[in-house]
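Please look through the sequence and the model shown below before reading on. The briefing that follows takes up the helices, their packing and a few single residues.

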Amino acid sequence: PHVLLAHLLHAATYFGLPALHAACIQCAAVHLSTTTALPWLVYGHQHGEQQLKQAALQYAAEHYDDIEAEDDPTGMRLLEQQPGDLVLEVTRAARAALKAATEAKAGADHKRQRS
């Protein structure tokens, strides 16, 4: 994750500043990318930041192929170093996202054929 934002999030938690904490979570979630999703996912998992973890998990699931194809495999290596339960969460979320995308495409194709 962005180091400064991670430090600011930690400070907001430590000093009990809920508005700053929420702003940090929102900022991290809005700026998720193929290079930041897995590091933020791991951060959220390790620090109990469920909202951030879920946003990163959803992004990672929906963009898994792009993340895996990144020139810089730092995020994938970081994920591989995590407990199996987190890796399993990513795998299940990616499968669910793929299934949803496939079903949506099939529905659109079916609708187009009926027109």
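On the face of α2 that is turned away from its buried side, the exposed residues are Ala19, Gln26 and Val30, where exposed stands for over 50% relative accessible area, buried for under 20% and partly exposed for what lies in between, with a 1.4 Å probe and protein chains only. This is a predicted model, in which local features need pLDDT of at least 70 and side-chain atom pairs count only at pLDDT 80 or more, while totals for chains, interfaces and linings use all residues. Residues are numbered from 1 along each chain as its sequence is written, and side-chain values use heavy atoms, with hydrogens and water left out.

- Cys24, Ile25 and Ala28 are the buried residues in α2.
- They cover an arc of only 95 degrees around the axis, which places them on the same side of α2; the arc is that of the directions from the helix axis to the C-beta atoms.
- An α-helix has 3.6 residues a turn, so residues three or four places apart point the same way.
- The buried residues of α2 pack against α1, α3 and α4, with contact taken as heavy atoms within 4.5 Å.
- With 13 residues, α2 reaches 18 Å from its first C-alpha to its last, close to the 18 Å expected at 1.5 Å a residue, the expected span being 1.5 Å times one less than the number of residues.

**The chain as a whole**

- The secondary structure of the protein chain amounts to 7 helices and 0 strands, and along the sequence the pattern reads α-α-α-α-α-α-α; helices (H or I, at least four residues) and strands (E, at least two) are DSSP runs, numbered from the N terminus.
- Taken along the principal axes, the box filled by the C-alpha atoms of the protein chain is roughly 60 × 30 × 25 Å.
- Of the 115 residues of the protein chain, 29% count as buried.
- Among contacts in the protein chain with a separation of 6 or more, 62% are between residues 24 or more positions apart.

**Helix α1**

- Helix α1 (residues 3-14) has 12 residues and should span 16 Å at 1.5 Å a residue, which agrees with the 16 Å between its end C-alpha atoms.
- The buried residues of α1 are Leu5, Ala6, Leu9 and Ala12.
- They cover an arc of only 125 degrees around the axis, which puts them on the same side of α1.
- Val3, Leu4, His7 and Tyr14 are exposed on the other side of α1.
- The cover over the buried residues of α1 includes α2 (18-30), α3 (37-47) and α4 (50-62).

- Two packed helices are described by the angle between their axes and the distance between the axes.
- The axes of α1 and α2 come within 8 Å and cross at roughly 150 degrees, where axes are lines fitted to C-alpha atoms, for helices over the stretch in contact, and angles run from 0 to 180 degrees between N-to-C directions.
- α1 and α2 are therefore roughly antiparallel to each other, given that angles over 145 degrees count as roughly antiparallel, under 35 as roughly parallel, 65 to 115 as roughly perpendicular and the rest as oblique.
- The contact is made by Leu5, Leu8, Leu9, Ala12 and Thr13 of α1 and by Leu20, His21, Cys24, Ile25, Cys27 and Ala28 of α2.
- The axes of α2 and α4 come within 10 Å and cross at roughly 5 degrees.
- That makes α2 roughly parallel to α4.
- Ile25, Ala28 and Ala29 in α2 meet Gln51, Leu52 and Ala55 in α4.

- Helix α7 (residues 84-114) has 31 residues and should span 45 Å at 1.5 Å a residue, which agrees with the 45 Å between its end C-alpha atoms.
- Leu86, Val90, Ala93 and Ala94 are the buried residues of α7, and what covers them includes α3, α4, α5 (64-68) and α6 (74-80).
- Ala96 lies in helix α7 and is partly exposed, with a relative accessible area of 46%.
- The C-alpha atoms of Ala96 and Ala61 are separated by 7.9 Å, although the two are 35 residues apart along the chain.

**Gly75 in helix α6**

- Gly75 is found in helix α6 and counts as buried at 12% relative accessibility.
- Leaving aside neighbours within four places in sequence, Gly75 is in contact with Leu38 and Pro39.
- From C-alpha to C-alpha, Gly75 and Ala101 are 24 Å apart in space, and they are 26 residues apart in sequence.
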